[in-house]
Amino acid sequence: MAGDKPKLKLAVYWAAACGGCCVSVLDVHEKLFDVVSAADLVFWPIALDTKYEDVENMPDKYIDLTLFNGAVRNSENEHMARLLRKKSKTLVAYGSCAHMGGIPGLANFSTREEILRRVFEETESVVNTDKIRPVPEYTAKEGVLEIPEFYNDVRSLSLVVDVDYYIPGCPPQTERLLEVFTAIVTGAELPPKGSVVGADNKTQCEECTRKKSENKKIKKFYRPWEIKDDGETCFLEQGVICMGPATRAGCGHRCIKGNAPCRGCYGPPSGAIDPGAKMMSAIAGIIDEKEPEEISRVIEDIADPGGYFYRFSLPVSLIRRKVQ
Amino acid sequence: MESNTNCRIGVYICMCGTNIAKMIDVESVAKFVSSVPNVVLAKTYKYMCSNPGQEMIVQDIKENHLNRVVVAACSPNMHERTFRSALRSAGLNQYLFEMANIREQCSWVHKDTEEATLKAKELINAAIKRVVYHEELESMSVAMCPNVLVIGGGIAGMTAALELADAGNLVYLVEKENHLGGNLARVDLTAPYLYSARDLLTERITRIMNHKQVQVFFESRLSGLTGFIGNFKATIGKLNGEPDNVTNQVEVEIGNVIVCTGFKEFDAARIVHYGYGKLPNVITSFELEKMIRAGRIITKEGKTPKYVAIIHCVGSRSQEFHTYCSRVCCMTALKYAHEIKSANPESYISDIYIDMHAFGKGHEDFYKRSSEAKTLFLMYEKDDRPVIHKASPKDDCEMLIEVNEKLSGELIEIPADLVVLMVGMEAREDSHDIARLVNISQDKDGWFIESHPKLEPVATTTDGIFIAGTCVAPKDIPDTVAQARAAAARVLARISKGKIEVDALFSEVIEDKCSGCRLCNQLCPYNAIEFDDVKKISHIISALCKGCGVCVAACPSAAIRGRHFTDQQVLAQVEGLFET
């Protein structure tokens, strides 16, 4: 694959992430041999014994391609984002958290104070009578101890540093990563900077094989477990909120194929600024009631609308966070 | 022209005499505006809307090669058109313009000069940020098919059809009965001049049946309508007795539709205590018409009635049934008094009413003449209806009617051999189907809603669909005919223009972004969205779109773009408000 060309230098890093993105890279299975024959993995905390210091010692632009997954939640995440930006020719926001803030981004519905209080004082399993909270710096007998500073805001990668490409998904589909990787290795023409790659331009509905009609009139919204899905009608027409119409295709609509509504991890199609707001106004249009009280009743059936419509995208949405 | 470097914006700040200048420091505003990126010049002037003001804009556009203009003045409602035309005359597309309202929304409503001046800067800054993203837009025109569909062959439908056909246009007239004439064909004489209804109709029916430009579909109904103004396709089907079924469907191409489906009479049996349907000599006004037309006013027993009572407002002006006045019954009742009296001068007539509505031309005189003809008028209170009893054998009449007479305050008992119930008008049962087919609205009583009750009485909110006659609301024959001719005139005006202009501000589906989720399909209040079954995407018929933006907001894929109201334009404007 690599031929005479020098091997590509590849880095993979996780910030505020669950680890799923790194696993999706491992999911290349036997194709890993192709990857390592074309690229040297120079930094990958989940799989290689490399230290931050090693990265700091690299010359600028030393790394050809960095797949950065996870959101930026604390000072360590931010430090690594800035460092890897400096050291990488191409920086890719890999996965929903780096792309849009992802699940960790839902913490922006709370303030730092609320989160720390809940976790360190109020959680049912916690006994902390002295109300001790973690602090970034602590002087002990042995010297000064440091932990990263916990920020008030969760940010996507592009809210912190300049990002070249986005590969969406929670996690991204491994085949789509390989497509992108192959394109870079073979020197194929790359799309303009800032593009979402490894995904399609239209939305889930383009691929979805469920029957769709214009008859989208909803008198009650259901959570998926509350109804018996007929397996073939558009989820929305059955009253189950599916983020598919507001979500970029490219994952192979796996959730829908598995009879679960789309959660929106691939993010909005290009031009849609705020998928949560988009989906809410779309939902507003199909409520089949006239009286304000009736409309309120229908809307109240939607459990946790913030978490539902902004599940992956709150930090990059128009509202961005709860106002303090 | 998204690149900011190509943008050359001229900003004009109007003083509106002192309307703006007394509260806003316009020179300070101009100074601020000059420093905003892309602004080439910023000027203040006493009256921007005056001819010298407009000429200044035209000259600046030419001399300074401006390609965007912002005017900060009054409401765009007031002068947007004025300034757009100034841009046009300078050879610049009229949509490369934005107005900032610093009068109604600023100088008039604030008391602090400093704050008002700051707000004016913010409003103008927002307009400047927005206008950068404005695009050249052109209005379009589409052809107007001169054929017209008229639904309903009553006096309204026939009048409209003849008007259009005489002007040389092909008219398809659809009538559900096997004859023309509608409700008027059930009437003998008309009030107040006692012209024969038959005479009014016969001439028209004959002309229509022989007219080369009118094609009448009897026992038929409209079963489908697609397309848009100027370009409709209507399907007409033959009724075959089954409600949801038509046969022998024919498709015709038309440009406009006039709906003249008329009314049906109130079902008197719904007011149980009048005993209609049980007491043999309690009849409706239409049943009396039938007797009059047959030339014999008699009771069920075949006798000439000595005492005739006429009860007004049967189903009308009542909380229980219809709250509205049916408009024609009062005069029709007077006409009956006259007709019954002519047929049998020995008869006694009682006219039992709530209020005597004699509002039309010649009606008051008609009422006066009738009261001189020795009709006994009795007034009853709304919802305190007269009570009909069977008379005893010793009485010389069939029935006795008890009336709480309002003017005298006494309970009066009057004899009757025949009781005539003046049944009101109501919307036809199938009016909902018609409304759905042609996409027009109905009010709470089922009458079709006009586009504006005073200024647009025969137009509807759907372009190309007109309404006339008693399907809109109860009315008499002159009003019905006037509406029919008005609707025909509206259609003729469009036909003579030959095409219709489509405003440049419509919404459009970006085809390579639409995934066919169909969420927008039923949202359009103008039925402008259709689904392309081949491409599997939605499509907006620009001729029908009014640019309201409902679909733009609702499209979860951002695949619908509202021209002149793009996300980019609106967000730039919002951001502009917070920069100053």
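B:K238 stands opposite B:T247, a residue of strand 13 of chain B. The two strands involved, strand 12 (residues 231–239) and strand 13 (residues 246–254) of chain B, are antiparallel and share seven bridges. Strands here are DSSP runs of E with at least two residues, helices are runs of H or I with at least four, and both are numbered from the N terminus. Two strands count as paired if DSSP finds at least two bridges between them. Strand 12 and strand 13 of chain B make a hairpin, with six residues between them. In the turn, B:G241 has a positive phi of about 95°.

This is a predicted model: local features need pLDDT of at least 70, side-chain atom pairs count only at pLDDT 80 or more, and totals for chains, interfaces and linings use all residues. Residues are numbered from 1 along each chain as its sequence is written, while chains are lettered from A and ligands numbered from 1 in the order in which they are written.

**Chain B overall**

Chain B holds 14 helices and 30 strands. Its radius of gyration is 32 Å, well over the 25 Å from the globule rule for 580 residues, so chain B is more spread out than a compact globule. The radius is taken over C-alpha atoms, and the rule is 2.2 Å times the number of residues to the power 0.38. Along the principal axes, the C-alpha atoms of chain B fill a box of roughly 105 × 60 × 40 Å.

Of the 580 residues of chain B, 46% are buried. Buried means 20 or more other C-beta atoms within 10 Å of a residue's own, exposed means 12 or fewer, and partly exposed lies in between, with C-beta atoms placed from the backbone.

Strand 4 (residues 97–101) of chain B has five of its five residues buried. B:F97, B:M99 and B:N101 lie on one side, B:E98 and B:A100 on the other. Strand 3 (residues 68–73) of chain B runs parallel to strand 4 and is joined to it by five bridges. In this pair, B:V69 stands opposite B:F97.

Which residues of helix 14 (residues 567–577) of chain B are buried? They are B:Q569, B:Q573 and B:G576. These residues cover an arc of only 60° around the axis, which puts them on the same side of helix 14 of chain B. The arc is that of the directions from the helix axis to the C-beta atoms. The buried residues of helix 14 pack against helix 5 (113–131) of chain B.

**Chain A and its contact with chain B**

The contact takes 21 residues from chain A and 17 residues from chain B. Two residues are in contact if their C-beta atoms, placed from the backbone, lie within 7 Å. On chain A, helix 8 (204–207) and helix 10 (275–286) each supply at least two residues. Helix 10 of chain A gives the largest share, six residues.

A:T186 sits in the loop between helix 7 (174–185) and helix 8 of chain A. A:T186 is exposed, with 10 other C-beta atoms within 10 Å.
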